[in-house]
Amino acid sequence: MLLKRWIPLFILVFVGILTLIHWFVPHDPIGSLGRDFSQFFDIIASFAIILGAANLLKLQSMKISQRKKGWPFNLVTIIAFALTAYVGLNWHSYFGGGHNYLAGTHVNNPDSHFFWVWWYVFTPLSATMYALLAFYVASASYRAFRARNVEATVLLVAGIIIMIGRVPLGQQFTAWLPDSGFWSIFRLERLSDWIYSYPNGAGQRAIMIGIALGVVSTSLRLILGIEKSFLGEE
Amino acid sequence: MDLFEKISSLDRRWIFLVIALSILIPLLFPFTQPLEVSPDVRAVYEALAALPEGSTVLCSFEYGPSTLPEVHPMARSVMRYLFQRDHKVIVMALWPDGLFMSRDILDEIAVGEYQAEYGVDYINLGYKAGNEVVIKSIAESFSRTYPVDTRGQSTTSWPIMHGIENLANIDFIFSLSAGYPGTVEWVQYAADPYNKPMTTGCTAVQVTEVVPYVRSGQCAGILGGLAGAAEFEVLLMEKGWLTELGAGNRGMAAQSVAHLVLVAFIIIGNVAFYVERRRQRKF
């Protein structure tokens with residue numbers, strides 16, 4: 001109980017209150033403690049990478065051992081992970097000889113194996129995955145983007161104006177309208193800017209303020225010890 | 001099966017084929033189009049132009065290979081402009097991929113085109129885990145956050161870092177962003193609390209969330225997606241900072257055609273949907 005509940009709760013309340021106070025009392029020792037806690041986050045975030053890697057290996061291994069559907073892909077993931085980790089952790093892993101890189105700097109050196117893996121394997125794969133989105137977006141838009149009711153029609157019209165108004169070829173449709181004066185507001189590029197700035201801006205602000213209020217209330221619940229879900233409690 | 005039913009149940013492979021052709025053909029046979037520079041892109045230029053020569057500019061790379069075609073062209077243009085005006089450029093990354101993106105840009109522009117000297121004209125601090133906490137951390141101290149640079153040498157040993165203790169010593173922030181952490185975090189944790197001028201170049205999908213900060217004046221303008229990159233190239237050429245248009249404009253031909261084809265598909269799909277719905281109501 002002490003280890004699983006009270007100590008984590010004490011750490012959270014102590015760090016939370018002190019981090020909050022250091023914004024209002026920047027003098028030492030509160031100020032320096034608040035700054036140190038920020039550094040602690042960096043260190044914890046770095047260790048979280050190890051946790052993520054362990055979790056990945058555990059999940060993939062389980063799927064392979066249980067021979068779940070598509071398990072060879074899980075095997076490929078583990079092999080790719082092991083190879084990348086090897087060339088990443090071994091700073092002597094490079095093409096040619098005569099190099100003496102410092103640990104950590106080799107990842108950014110074109111002679112290193114890690115750099116090769118990143119630039120010639122990960123980069124094209126990542127770009128390809130993202131590029132495929134264009135095809136699926138096109139197919140999904142064709143099938144699902146329907147003017148079924150008033151709200152959907154407003155969304156459809158706004159989407160079309162932005163898609164046409166953001167590209168020069170589309171802007172040519174209303175290029176005959178004057179550059180200034182009342183009618184200029186109907187030029188597609190101006191309409192798309194207006195949609196970005198006002199309807200979208202208003203909606204985004206509402207979402208942002210809502211999120212901020214949610215974060216404040218959740219943080220207060222955590223700091224005051226009301227919210228205990230992070231301890232695995234209801 | 002009549003025409004409208006055929007349209008409604010069109011095999012998606014036809015859509016894939018048309019989209020592929022609409023992107024490939026303009027990429028293989030590019031054409032230039034007149035481009036109107038938007039006020040947001042002008043605002044980015046004006047914010048950069050307002051900096052006196054030799055200012056210290058912090059450039060943060062928050063994108064990876066997936067968004068490289070969108071953000072890389074604007075990163076190139078911005079770097080060209082910064083080095084031409086003899087600004088000191090401090091580069092860092094909030095994304096692990098950003099380290100490689102920044103290296104690629106610096107090799108091409110700083111080393112390849114301007115023969116800039118590492119540690120004097122520019123420095124690459126690299127990636128640091130921690131997202132927005134890294135921003136808060138450099139607001140306190142660069143040397144504590146980045147004790148060494150990407151070459152493994154002490155950050156404070158380089159001339160460019162002399163007199164640069166923390167964010168207060170930075171004149172301008174440029175965020176090249178494709179998501180979280182990115183432009184929004186730079187506004188919230190650096191530009192606004194420390195009253196630092198900043199601007200951004202980001203992906204088109206990110207524009208919607210950054211626009212409120214641009215309208216409020218917390219972020220000076222925005223280069224939004226490939227269109228923003230293309231407009232910025234046109235503007236830099238107008239002002240005499242570029243001699244030829246770059247990848248932003250080359251890509252716009254493909255993007256223009258692809259957008260129009262996509263809109264055409266949506267309109268055709270809706271016409272078929274409307275006709276079918278009317279028929280169903282009749283019977």
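Predicted model: local features only at pLDDT ≥ 70, side-chain atom pairs only at ≥ 80, totals over all residues.
**A helical chain A and a sheet-bearing chain B**

Read from the N terminus, the elements of chain A go α-α-α-α-α-α-α. That makes 7 helices and 0 strands for this chain. With a radius of gyration of 27 Å, well over the 17 Å that the globule rule gives for 234 residues, chain A is more spread out than a compact globule.

Chain B brings in a sheet. It's an open one, built from 6 strands with parallel pairing, and the strands line up in the order β3-β2-β1-β4-β5-β6. At the edges stand β3 (122–127) and β6 (222–224) of chain B; each has a single partner strand, so one side of each goes without a neighbour in the sheet. On average, neighbouring strands here are turned by 15° against each other, if direction is ignored.

One pairing within this sheet can be looked at in more detail. Strand β1 of chain B, residues 56–62, runs parallel to strand β2 of chain B, residues 88–93, and the two share 6 bridges. Within chain B, B:Phe61 finds itself opposite B:Ala93, a residue of β2(B). A helix also packs on the sheet: α10 of chain B (residues 225–238) touches β5 (198–202) and β6 of chain B. The direction of α10(B) makes about 120° with that of β6(B).

Then there's the place where the two chains meet. The contact draws 49 residues from chain B and 48 residues from chain A. On the chain B side, the elements that give two or more residues are α2 (12–28), α5 (96–113), α6 (132–140), α9 (204–215) and α11 (247–282). The largest share of that side belongs to α11(B), which supplies 14 residues. Sorted by class, the side of chain B that touches chain A holds 25 nonpolar, 15 polar and 9 charged residues.

Definitions and conventions: Residues numbered from 1 in each chain as written. Chains lettered and ligands numbered in written order. Helix = DSSP H or I, 4+ residues; strand = E, 2+ residues; numbered from the N terminus. Rg over C-alpha atoms; globule rule 2.2 N^0.38 Å. Pairing = 2+ DSSP bridges. Axes fitted to C-alpha atoms, helices over the stretch in contact; angles between N-to-C directions. Contact = placed C-beta atoms within 7 Å. Nonpolar A, V, L, I, M, F, W, Y, C, P; charged D, E, K, R; others polar.
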